[in-house]
Structures are given as structure tokens and as C-alpha cells.
Amino acid sequence: MACMHIRDILERDKTTLSFEFFPPRSDKAAASLADRLGAFESLEPSFVSVTYGAGGSTRQRTHDLVVSLKSSGKLDPVPHLTCVMQKPDELDEILARYAAHEISNILVIRGDAPEDAQGYDPAAEAYPHAVDLVKTIRAFNDAGRHADPRGFGIGVAGFPEGHPETPNRLRQMDHLKAKTDAGADWITTQMFFDNRVFYDWCEQCEIQKIDIPKIAGIMPITSLATMKRMADLAAGTNFPAKLQRRIHRYQDDDHAVEQVGVQWASEQCNDLLDHGVRGIHFYTLNRSDATQRIFEALGASSGLPSIRT
Ligand SMILES: Cc1cc2nc3c(=O)[nH]c(=O)nc-3n(C[C@H](O)[C@H](O)[C@H](O)COP(=O)(O)OP(=O)(O)OC[C@H]3O[C@@H](n4cnc5c(N)ncnc54)[C@H](O)[C@@H]3O)c2cc1C
């Protein structure tokens with residue numbers, strides 16, 4: 001599969017359906033993801049994205065997974081790239097490497113401070129905020145260093161429920177607008193479990209003239225433990241009482257909890273489709289079964305292409 005610029009993907013697919021993977025941290029986890037790739041491929045996602053860790057060896061793993069997905073030719077990989085502890089020369093090397101491998105799009109995020117970095121000061125970084133990386137990649141694009149004359153398609157993160165570091169929500173919108181004005185092509189959102197929050201945020205974007213496509217982040221909850229972990233990782237995300245009640249009702253039955261999570265996510269997706277969402281990005285945690293069942297519920301498995309085309 002040739003990697004496609006996000007603008008071409010958005011033109012081709014009425015609604016993009018995409019997956020997020022994280023790079024496996026052990027040989028066992030790598031084998032487990034490799035086993036599931038066939039199932040993911042059969043769902044024919046518009047693209048898949050690969051997360052990027054804050055510093056250390058996981059960064060190389062992101063690169064390796066992206067290149068191996070690309071060379072398999074079956075999935076179109078979009079690497080994530082963060083600002084945290086990113087040195088300009090290393091960044092340039094990474095961009096040049098991705099360009100050489102014909103990677104077409106990058107999702108740019110700031111990243112969170114590494115847990116073990118005492119006294120970490122984001123302001124001392126070469127790229128304190130995601131907007132600084134967007135500008136740098138735009139400059140790389142403008143220098144004609146990519147085979148595609150448009151360079152990399154650039155994605156950024158959006159937070160319908162707000163980002164915890166900027167309690168002033170109007171100012172937060174200004175920061176999102178700055179990323180758009182710096183040249184972002186699309187926004188992928190943090191996970192949310194109440195679509196009304198997403199719709200309201202889309203309206204706020206409209207008021208601010210943030211008019212690039214917004215791809216909704218959806219995470220099927222597969223266990224009580226996953227929900228608790230996500231509450232930590234995606235700080236500020238609200239888990240509606242109705243969802244919590246259903247999950248607690250079945251908490252001793254893993255299969256039933258997963259069914260609740262799949263049903264909730266499927267209802268969210270159906271409603272998003274009814275509202276003409278441009279894309280849905282599934283936080284898969286490298287597991288294919290829940291996503292597969294949501295696809296079935298949506299009629300998005302092959303044979304029913306109306307959602308995408
Ligand atoms: C879709 C998605 C994918 C993600 N993937 C990863 C990943 O692969 N690896 C990882 O480590 N993390 C990842 N994260 C988490 C993300 O890195 C954190 O949530 C981070 O805290 C915010 O990133 P950002 O890109 O929105 O940062 P920014 O846009 O830099 O914003 C961070 C905070 O700074 C504020 N801000 C922005 N600009 C300015 C400014 N000029 N002056 C003052 N304040 C400003 C914003 O309002 C916000 O509160 C992901 C999040 C999402 C939603």
C-alpha cells in the first residue's frame with residue numbers, strides 16, 4: 001500500500017476509520033501484535049497511528065514498527081512525534097528517515113513529562129509546545145525535502161473536555177488555533193465517552209475558525225482496570241455515571257464488561273456517523289477483538305462500504 005497524504009485519505013473516505021497502536025515493549029508483546037495484525041488489516045482502516053514514548057528506547061520501537069508496517073504494504077502508518085526531550089538535530093534525522101521511507105503523515109503532540117525526570121522544565125525544551133514542532137515540520141516541508149511536494153501531512157491533538165494544564169478554555173482554543181494556523185492538516189481528539197462534549201467542542205472550533213477535519217478518538221473499555229488506567233492517562237476525561245454503573249454491575253465478569261464497553265463505543269460511533277463526523281480513531285491498545293466487534297455493529301466490515309465512501 002502506498003502511503004497517502006491525509007488530504008487524499010480524507011478526500012477518498014467519507015468517514016475515515018483508523019486505529020492507534022503502541023510499539024510493543026517486549027518480544028512477547030511484539031509477537032502478540034504480529035498475531036493480531038491480520039485481523040486489523042482485514043478491517044481495512046484508512047490509516048493506523050503509532051504512539052511515541054517520552055525518551056529512551058521506545059522511540060526506536062516506534063520507528064521500527066512504522067517502517068515494518070509500511071514495508072508490509074498492508075497498513076498505512078502515521079507515526080506520532082513528541083516535543084519532550086527532542087533535540088533539533090535528532091528531529092531532523094527522524095524527519096529525513098521518515099521521508100526516505102515515504103511516510104506521508106505525522107501526528108505531532110507535545111508528550112507528557114517523563115515520570116523519572118526530576119525537575120523537568122518544558123520551557124527549557126527546544127520545542128516547548130506542539131505548535132513549535134508543527135512549525136518545524138512545515139519548514140521541512142517547505143524546503144522540499146519530501147518526495148510529496150506537499151511534504152508530510154501534519155496532525156495535532158485536540159481535547160474536547162479540556163487539557164488539564166490550561167483551565168482557561170478560551171485560551172486553550174487559542175492554542176489549538178495556533179497549531180492550525182501553523183499548518184496542521186487535521187485534529188485527532190483525546191478519547192471521550194459523551195458525544196455531546198465533542199459536538200459542543202466542534203462548534204467552539206467553528207467559532208474560532210478552526211476548520212480542519214476533526215477525527216474523534218474512541219476507546220472501547222475492555223475492563224474496569226483499563227478504565228482506571230485511562231482515567232490516569234487521559235486526565236480530565238469524564239466517564240458518565242451511566243457507563244460506570246454498567247461496568248460496575250458486571251465487574252466480576254470480564255467478558256460482560258467488554259461487551260458493555262463495545263456496546264457503548266458502538267452507540268457513540270453510530271451517533272457520530274449520524275452527525276457526519278469526518279473520522280473515528282480507535283484507541284485499540286493493540287487488541288483487535290473489541291474494535292472488530294464495533295466494526296461489525298457499524299456494518300463497516302467489508303461488504304458494507306457506505307460508511308466510508
Ligand atoms: C490523539 C493523541 C495522541 C497522543 N499520542 C501521544 C504519544 O504518542 N506520546 C505521548 O507521550 N503522548 C501522547 N499524547 C498525550 C499528549 O502528549 C498530552 O496530552 C500532552 O499533555 C498534550 O499534548 P498537545 O500536543 O496537545 O500539547 P500542546 O498543544 O503543546 O498543549 C499542551 C498544553 O500547553 C498549552 N499550550 C499550548 N501552547 C501554549 C503556549 N504557546 N503557551 C502556553 N501554553 C500553551 C495547551 O493549552 C495545553 O494545556 C496523545 C494525546 C492525544 C490526544
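Predicted model: local features only at pLDDT ≥ 70, side-chain atom pairs only at ≥ 80, totals over all residues.

Residues are numbered from 1 along each chain as its sequence is written. The protein contains eleven helices and eight strands, where helices (H or I, at least four residues) and strands (E, at least two) are DSSP runs numbered from the N terminus. The eight strands form a closed barrel with parallel pairing.

**Overall dimensions and packing**

- The radius of gyration, taken over C-alpha atoms, is 19 Å, close to the 19 Å that the globule rule gives for 309 residues, so the protein is as compact as a globular protein of that length; the rule itself is 2.2 Å times the number of residues to the power 0.38.
- Along its principal axes, the C-alpha trace spans about 55 × 45 × 40 Å.
- Buried residues make up 40% of the 309 residues; a residue is buried if 20 or more other C-beta atoms lie within 10 Å of its own, exposed if 12 or fewer, and partly exposed in between, with C-beta atoms placed from the backbone.
- Of the contacts with a separation of 6 or more, 80% are between residues 24 or more positions apart, a contact being two residues whose C-beta atoms, placed from the backbone, lie within 7 Å.

**The barrel and its strands**

- The strand order is β1-β2-β3-β4-β5-β6-β7-β8, and two strands are taken to pair if DSSP finds at least two bridges between them.
- The twist averages 30° from one strand to the next, with axes being lines fitted to C-alpha atoms (for helices over the stretch in contact) and angles running from 0 to 180 degrees between N-to-C directions.
- Strand β1 (residues 16-21) is joined to strand β8 (residues 279-283) by five bridges, and the two run parallel; Leu-17 stands opposite Ile-280 in β8, and Ser-18 stands opposite His-281.
- Four bridges join β1 to strand β2 (residues 47-50), again in parallel, with Phe-21 opposite Val-50.
- In β1, six of six residues are buried: Thr-16, Ser-18 and Glu-20 point one way, while Leu-17, Phe-19 and Phe-21 point the other way.
- Strand β7 (residues 214-218) has five of its five residues buried, with Lys-214, Ala-216 and Ile-218 pointing one way and Ile-215 and Gly-217 the other.
- Three bridges join strand β6 (residues 186-191) to β7 in parallel, and Thr-188 has Ile-215 as its bridge partner in β7.

- Helix α6 (residues 169-181) has 13 residues, which at 1.5 Å a residue should span 18 Å, and its end C-alpha atoms are 18 Å apart, which agrees; the expected span is 1.5 Å times one less than the number of residues.
- Leu-176, Lys-179 and Thr-180 are buried in α6.
- The face of α6 turned away from the buried side carries the exposed residues Leu-170, Arg-171, Asp-174 and Asp-181.
- The cover over the buried residues of α6 includes α5 (130-142) and β5 (153-158), and α5 itself lies across β3 (77-82), β4 (105-109) and β5, running at about 150° to β4.
- Lys-177, also in α6, counts as partly exposed because 15 C-beta neighbours lie inside 10 Å.
- Leaving aside neighbours within four places in sequence, Lys-177 is in contact with Gln-208 and Ile-210, and its C-alpha atom is separated by 9.4 Å from that of Asp-211, 34 residues apart along the chain.

**Residues with positive phi**

- Just after α6, Gly-183 takes a positive phi of about 125°.
- Met-85, a residue other than glycine, has a positive phi near 55°; Met-85 lies in the loop between β3 and α4 (88-100) and is partly exposed, with 18 other C-beta atoms within 10 Å.
- Leu-285, also not a glycine, has a positive phi of about 50°; Leu-285 lies in the loop between β8 and α11 (289-298) and counts as partly exposed with 16 C-beta neighbours inside 10 Å.
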